[in-house]
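Subject: Structure handover

Hello,

Here is the structure for you to look through. My notes on what was found in it follow below.

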Amino acid sequence: MSSTLVHRSQQGTRRIESHPTLPYYLTGSSNGLACIWECGHPKPLAVHPSLGSKVNRVHFNHFGNKYGVAADGMLHLFQFGMNMASSTSSYQTLMCYKRSLNDFLFVSSSSFIASAGVSSDGRNVGLWDTLVPPERALVKGFLCHDGGASVMAYAPGSQLLLSGGRKGELCMFDVRQRCLLQSFNAHSDSVECLVIHDSERFFVTGAANGDIKVFQLDSFKECCSFENEHGRGHSSFLRGGALSGVTQLYWTHDYHLFSSGTDGTIKMRILDT
């Protein structure tokens, strides 16, 4: 049996996400290029060139009929469907931040979006309604995360939004009330990864110094921590990605926690709940 199904050469790939239900995936590169691929096929189905100097994040929405690409301070939104190969232009573009859009999420519906980045006015987390004109799309901007917000996660059952900052701060927002509920310093370094468990009882964070911590969602109480789980390294799995600490976290339904880091390792833990 062959160990390699398909090998593709895609320079500077730094972000990747699979379609929620179909055998497709989305990539973003350090040269500002975003591509849609079908599993088993050597060439991309759709190519979106020159979206910015680099792609910071890519995401599908829950239904898989839309996807977004964060490049520099801009969010480019695309339709996923039959005509995406011939129509490579975005159906909407939002100027979220003048400096950098680091992460975004489709919240509840496909038209409501949360953003995390570095703003010139300190409003580093935002809520956007894409059904209104772009100049009025920002519903709420939150003054938080000195130095910028780096990552975010959403709990759909409780409609709580979490964000992590460049200086280790965590914030919790009530999306329904559009307000900041609480914030505290969780890490001594930038929060690079943030994942909420499917049960919405716990969430886990990974930092640039390699630390991983698990918290209760309803109280922000720290349950356990793993210091220097992924120490600083000289390379990363995704070329052009961060060169320090935890690069990705994945939590299964039965509490198997997988983590990867720039030390070149993938680790798995079974957490006792």
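Two strands are taken to pair if DSSP finds at least two bridges between them. Helices (H or I, at least four residues) and strands (E, at least two) are DSSP runs numbered from the N terminus. This is a predicted model, in which local features need pLDDT of at least 70 and side-chain atom pairs count only at pLDDT 80 or more, while totals for chains, interfaces and linings use all residues. Residues are numbered from 1 along each chain as its sequence is written, and side-chain values use heavy atoms, with hydrogens and water left out.

Sheet β1 to β4

Four strands form an open sheet in the order β1-β2-β3-β4, with antiparallel pairing. β1 (13-18) and β4 (46-48) are at the edges with a single partner strand each, so one side of each has no neighbour in the sheet. On average, neighbouring strands here are turned by 20 degrees against each other, direction ignored; axes are lines fitted to C-alpha atoms, for helices over the stretch in contact, and angles run from 0 to 180 degrees between N-to-C directions.

Strand β3 (residues 34-38) pairs with β4 over three antiparallel bridges. The bridge partners in β4 include alanine 46 for isoleucine 36 and valine 47 for cysteine 35. With strand β2 (residues 24-29), β3 has five bridges, again in the antiparallel sense, and cysteine 35 stands opposite threonine 27. β2 and β3 form a hairpin with four residues between them, and glycine 32 in the turn has a positive phi of about 85 degrees.

Five of the five residues of β3 are buried (under 20% relative accessible area; exposed is over 50% and partly exposed in between, with a 1.4 Å probe and protein chains only). Ala34, Ile36 and Glu38 are on one side of β3, Cys35 and Trp37 on the other, and all are buried, so both faces are covered.

Aromatic pairs

The whole structure holds 14 aromatic pairs. Rings of Phe, Tyr and Trp (its six-membered ring) pair if their centres lie within 6.5 Å; planes under 30 degrees apart count as stacked, over 60 as edge-to-face and the rest as tilted. In one of the pairs, tyrosine 67 and phenylalanine 80, the ring centres are 6.5 Å apart and the planes at 75 degrees, so the pair is edge-to-face. Tyrosine 67 lies in strand β6 (residues 66-71) and phenylalanine 80 in the loop between β7 (74-79) and β8 (92-95), so the pair ties together parts 13 residues apart in sequence. Tyrosine 67 counts as buried at 0% relative accessibility, and phenylalanine 80 does at 14%. Ring pairs also link Tyr24, Phe60, Tyr67, Phe78 and Phe80 into a cluster.

Sheet β17 to β20

Another open sheet of four strands has the order β17-β18-β19-β20 and antiparallel pairing. β17 (191-196) and β20 (222-226) are its edge strands, each pairing on one side only. Its neighbouring strands are turned by 15 degrees on average, direction ignored. Strands β18 (residues 202-207) and β19 (residues 212-216) run antiparallel and are joined by five bridges; phenylalanine 202 stands opposite glutamine 216 in β19.

Cavity

One cavity of 30 Å³ or more was found in the whole structure. On a 1 Å grid over the protein atoms alone, a cavity is a set of points where a 1.4 Å probe fits but cannot get out, and lining residues have an atom within 4 Å of a point. The largest cavity has a volume of about 40 Å³, the volume being the space filled by probe spheres set on the points, which are joined across faces, edges and corners. Ile212, Phe226, Glu229, Leu257, Ser259, Lys267 and Arg269 line the largest cavity.

Regards

Key. 1 Å grid on protein atoms, 1.4 Å probe; cavity = no way out; pocket = protein on both sides within 12 Å on 5 of 7 lines; lining within 4 Å.
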